[in-house]
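My entries follow in the order in which I looked.

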Amino acid sequence: MIELQHIKKAFGKTVALDDLSLSVPKGELFAFLGPNGAGKTTTIRILNGLSYLDSGKAFIAGVDILKNPLDAKRLCGMVAQHTNLDGELTVMENLDIHGRLFGMSKKDRLDSSLELLEYVEMADRRQSFVKTLSGGLKRRLMIARALIHKPQLLFLDEPTVGLDASIRRRIWSLIKKINQAGVTIFLTTHYIEEAEFLADRVAFILEGKLRETGVPSDIMARLGYWAVDTFENGDMHTGFFPDREAAGDYIQSLKGGGTLRRVNLEDAFVTLTGKRVK
Amino acid sequence: MSAFFAIYLREMLILKHKFKRQIASMSVSPLLYMLTFGCALASSVNLDGVSYLEFLIPGLVAMASMTQAFAIATDINVARFYFHAFEEFQAAPVSRMSFVLGETLAGLTRALLSIAIVLILGFLFGVRLHLGFYFFAAILLNSFAFASLAVAMAMLVKSHADQGLLSNFIITPMAFLGGTFFPLDSLPTWAQAILNILPLSHASKAIRADALGQPPELIPFVVLAGACIVFFTLAIFSVSKARD
């Protein structure tokens with residue numbers, strides 16, 4: 001569904017993407033993981049036609065985004081990191097304008113809008129002005145808007161950033177539901193648990209370079225299954241173990257004790273890159 | 001073409017939601033000009049048998065068509081820098097031509113609304129003008145030209161503050177020097193030559209000629225049509241500059 005070949009992008013002297021190549025098959029929920037400024041949003045902006053690429057090629061469902069940008073855009077929906085709804089319009093007006101931009105008929109716009117508002121549990125807010133909605137409702141409306149023209153591919157750029165834990169969980173359920181309905185999802189996040197919970201496959205990006213790609217459980221298994229955090233001389237150290245018994249034996253051997261937990265993607269990211277995700 | 005209409009409709013919905021405020025806002029300037037310049041100077045100024053108010057109102061029509069058409073730039077920038085809604089258009093299958101045409105026609109619609117207000121106020125002040133074909137042709141060309149320029153500027157600026165600067169350096173001087181408040185032929189030849197470069201000078205001349213029942217001149221219409229083509233083309237090329 002997505003094919004990136006040797007993408008390069010710089011803003012002045014700052015390199016945002018450095019020879020980035022990756023591929024995302026149809027139907028996959030793919031998470032792009034990295035700290036702020038790693039190049040995640042730049043990748044999404046290029047794929048959506050919001051930024052130019054300096055060199056390389058990019059295809060969406062086989063469509064070259066440089067040669068046929070409008071055809072490529074018809075296949076995609078996008079939920080940006082920041083709210084980009086029309087605050088001065090109502091919920092229904094926002095959905096209707098989006099449907100018109102994608103050339104939908106009046107009946108399809110209305111049917112799809114009502115169906116999606118039910119889907120994101122906002123049917124009772126359809127006549128509300130967007131500027132009166134909470135952050136969580138705006139985020140759900142952005143997801144509904146991105147789906148109205150029935151895209152094959154949905155880009156979610158930090159979809160839960162700034163939302164509280166309970167709303168984040170609801171958004172996760174929604175994302176899973178959308179993916180199970182057959183929509184390929186390209187998700188960027190710097191929330192480790194979000195990528196672990198949602199993604200079929202993850203990629204680590206740091207300073208514009210792809211560092212690792214794979215299934216989360218496989219990436220984590222390379223380190224082991226259990227981790228022990230210890231504090232020595234003011235620094236945190238983490239040890240990785242293949243089983244709980246080995247980790248327990250290690251803790252007992254320590255003078256100051258340690259904290260036992262499951263290995264997570266953050267451990268894999270730190271081990272591979274030497275940097276933390278957040 | 002549905003994309004172009006979506007862009008236009010969006011601007012019209014925003015206008016509808018703030019219609020009363022917009023009408024009040026559009027009325028303030030022409031009302032003040034008519035009260036201060038028109039009434040205060042009416043008894044002391046007579047221009048070849050034409051009262052100053054009769055002279056002023058076609059100028060105010062030209063000025064309103066320019067300022068309100070150009071004001072679409074502010075709406076675009078609110079969408080671009082505050083609501084980030086411009087990204088929605090960039091990510092949608094909307095051609096540059098559709099975007100520019102939708103926004104330009106929205107600017108033109110705003111301009112027509114403000115012109116209606118000026119004419120109604122003029123009527124209330126007792127001024128009766130001839131509103132013929134050339135009057136409306138000049139209005140449409142002038143509004144289209146400045147709405148296109150507004151779209152181009154809105155794409156090229158990098159912040160709200162830049163937009164304010166452009167208005168101060170382009171629109172405000174033109175509003176005062178474009179034949180709105182005084183006849184340009186009363187100025188020295190060199191000043192006339194400079195001010196005749198401004199599209200608004202030609203719009204004022206064409207609109208005023210028809211409003212006062214005088215025969216139309218060709219040159220103002222050629223200049224305004226040329227401005228439409230140049231500014232609209234500039235706007236189409238400027239859309240690409242709004243990407244990073």
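Entry 1: I began with helix α3 (residues 91–101) of chain A and helix α1 (residues 2–17) of chain B, whose axes come within 8 Å and cross at roughly 160°. That makes α3(A) roughly antiparallel to α1(B), a label given to angles over 145 degrees, where under 35 is roughly parallel, 65 to 115 roughly perpendicular and the rest oblique. Axes here are lines fitted to C-alpha atoms, for helices over the stretch in contact, and angles run from 0 to 180 degrees between N-to-C directions. Helices (H or I, at least four residues) and strands (E, at least two) are DSSP runs, numbered from the N terminus.

I noted the crossing of α3(A) and α1(B) as left-handed, meaning that the near helix is turned anticlockwise from the far one by less than a right angle (clockwise would be right-handed). From α3(A), the contact uses Glu93(A), Ile97(A), Arg100(A) and Leu101(A). From α1(B), the residues are Ser2(B), Ala3(B), Phe5(B), Ala6(B), Leu9(B), Arg10(B) and Leu13(B). Contact means C-beta atoms, placed from the backbone, within 7 Å. I sorted the contact of α3(A) with α1(B) by class and got seven nonpolar, one polar and three charged residues. Ala, Val, Leu, Ile, Met, Phe, Trp, Tyr, Cys and Pro count as nonpolar, Asp, Glu, Lys and Arg as charged, and the others, Gly among them, as polar.

**Entry 2: basis and confidence.** This is a predicted model; local features need pLDDT of at least 70, side-chain atom pairs count only at pLDDT 80 or more, and totals for chains, interfaces and linings use all residues. Residues are numbered from 1 along each chain as its sequence is written, and chains are lettered from A and ligands numbered from 1 in the order in which they are written. For chain B I found a mean pLDDT (the predictor's confidence in each residue, from 0 to 100) of 88, with 98% of its residues at 70 or more. The predictor gives the complex an ipTM of 0.83 and a pTM of 0.85.

**Entry 3: the whole contact.** How many residues does each chain put into the contact? I read 24 residues from chain A and 23 residues from chain B. On the chain B side, α1 and α5 (86–91) each supply at least two residues, and α1(B) gives the largest share, nine residues. That side of chain B has 13 nonpolar, five polar and five charged residues.

**Entry 4: the six-stranded sheet of chain A.** The order is β6-β7-β8-β3-β9-β10, an open sheet with mixed pairing; strands pair if DSSP finds at least two bridges between them. β6 (76–79) and β10 (209–214) of chain A are at the edges with a single partner strand each, so one side of each has no neighbour in the sheet. The twist averages 15° from one strand to the next. β9 (residues 201–206) of chain A pairs with β10(A) in the antiparallel sense over five bridges, and Leu206(A) stands opposite Lys209(A). Helix α10 (residues 265–273) of chain A packs on this sheet, touching β3, β9 and β10, at about 40° to β9(A).

**Entry 5: the three-stranded sheet of chain A.** Here I read the order β12-β11-β13, open and antiparallel. Helix α9 (residues 244–253) of chain A lies across β11, β12 and β13, at about 15° to β11(A).

Technical notes: Two residues are in contact if their C-beta atoms, placed from the backbone, lie within 7 Å.
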